[in-house]
Amino acid sequence: MPYTHDVPRAGGAATDPSAGPATGAATGAPVGISVAAPAYNEADNIAAAVTEWRDYLESHPAVGVWEIVVCDDGSTDATRAILTDLQRRCPELVVVGFDRNRGAGAAIAAAIAATRLDWVVLLDSDGQFPIANLDRFLTHLQAGDGTAFSGARIHKADALAYRWGSAASGAVSNLLHRTRYRDFNSIFKVVRGPLLRALPLESGGMNCSTEITARVAEVGHAWVEIPIEHRERGGGSRGWRFWRGARDRALFVGYLGYRRWLLRRGVLRAPDAPSAEEAR
């Protein structure tokens, strides 16, 4: 069952995203899915990842029209060449990219901006998040149970230091945002396209998943958490150093918390974003 937490709307009572389908929801109808993912020096993993996504999307009866959008973040290995070759066999694959490395945050923002369908599924290109996790989400999408869903990793397959860092930053983020999410930092998310494409994303590095969780809550939408599988990297190594990443995450979580405080005091106003009804 999903882990559901209420997030207060600006100036109003909390909403329950697990309530019944919205009026007019096309329960049982196939849904349009855009997969969006960043890729940096993922030559060891990208072909297997894209092939897994394609095979799942084209064969699942609950998926209608679909596309895969990958942003190559200035890779210096064969990632871009592999993606170009994959496009010949998968016309639904859209490749965007940068001439130089700009960070995972910039890459996921570019991939999101290039999507066009009703729902956007956020994934990594390293193979740690099986797209089969989407099985647990699709009935909720079809039923209109919410506008933003996040995968909560029950058993994280990362090294101990990374698990501790994620748990600590998640706990602080929950405290600062007055939420109780089990996995604040998970990148596996399924969000209504109009809502996700309207978010003003700023992160440049590996904090994009944390920012997306905070930004959606910031504009008054509640996350529905659903337990998912998390597995070890398919190959290669992480593209960032642990201590530098830990420092940057601490700074970014502090920034998001300070921004949230300014919003609550009325010093800042929340960015415009589709309401729950508009996003549906």
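This is a predicted model: local features need pLDDT of at least 70, side-chain atom pairs count only at pLDDT 80 or more; totals for chains, interfaces and linings use all residues.
Q: How many helices and strands does the protein have?
A: The protein has nine helices and eight strands. Helices (H or I, at least four residues) and strands (E, at least two) are DSSP runs, numbered from the N terminus.

Q: And what share of the residues is buried?
A: Of the 280 residues in the protein, 51% are buried. Buried means under 20% relative accessible area, exposed means over 50%, and partly exposed lies in between (1.4 Å probe, protein chains only).

Q: What share of the contacts comes from residues 24 or more positions apart?
A: Such pairs account for 82% of the contacts with a separation of 6 or more. Contact means heavy atoms within 4.5 Å.

Q: In what sense does strand 2 pair with strand 3?
A: Strand 2 and strand 3 (residues 63-73) pair in the parallel sense, over eight bridges. Two strands pair if DSSP finds at least two bridges between them. Within this pairing, Ala36 stands opposite Val69 in strand 3.

Q: What about strand 8, how many of its residues are buried?
A: Six of the six residues of strand 8 (residues 223-228) are buried. Trp223, Glu225 and Pro227 cover one side, while Val224, Ile226 and Ile228 are on the other.

Q: Which strand is joined to strand 8?
A: Strand 6 (residues 148-153) is joined to strand 8 by six bridges, and the two run parallel. Gly151 stands opposite Ile226 in strand 8.

Q: On to helix packing: at what angle do helix 1 and helix 2 cross?
A: The axes of helix 1 (residues 46-59) and helix 2 (residues 79-89) cross at roughly 25° and come within 10 Å. Helix 1 is therefore roughly parallel to helix 2. Axes are lines fitted to C-alpha atoms, for helices over the stretch in contact, and angles run from 0 to 180 degrees between N-to-C directions. Angles under 35 degrees count as roughly parallel, over 145 as roughly antiparallel, 65 to 115 as roughly perpendicular, and the rest as oblique.

Q: Which residues make that contact?
A: Helix 1 contributes Ile46, Ala47, Val50, Thr51 and Arg54, and helix 2 contributes Ile82, Leu83, Leu86 and Arg89. These residues divide into six nonpolar, one polar and two charged. Ala, Val, Leu, Ile, Met, Phe, Trp, Tyr, Cys and Pro count as nonpolar, Asp, Glu, Lys and Arg as charged, and the others, Gly among them, as polar.

Q: Why is helix 7 described as largely enclosed?
A: In helix 7 (residues 208-218), 11 of the 11 residues are buried, so the helix is largely enclosed by the rest of the structure. Among them are Glu211, Arg215 and Glu218. Helix 7 is followed by Gly220, whose phi is positive, near 95°.

Q: Is Arg259 buried or exposed?
A: Arg259 is buried, with a relative accessible area of 14%. Arg259 is found in helix 8 (residues 242-265). Not counting residues up to four places away in sequence, Arg259 touches Arg215, Glu218, Leu268 and Pro271.

Q: And Arg178, where is that?
A: Arg178 is found in the loop between helix 5 (160-177) and strand 7 (189-192), and at 61% relative accessibility Arg178 counts as exposed. The C-alpha atoms of Arg178 and Gly257 are separated by 10.0 Å, although the two are 79 residues apart along the chain.

Q: What is the phi of Arg178?
A: Phi of Arg178 is near 60°, a positive value in a residue other than glycine. Most residues other than glycine have a negative phi. Asn41 also has a positive phi, near 50°; Asn41 lies in the loop between strand 2 (31-39) and helix 1 and counts as partly exposed at 27% relative accessibility.

Key:
Residues are numbered from 1 along each chain as its sequence is written. Side-chain values use heavy atoms; hydrogens and water are left out.
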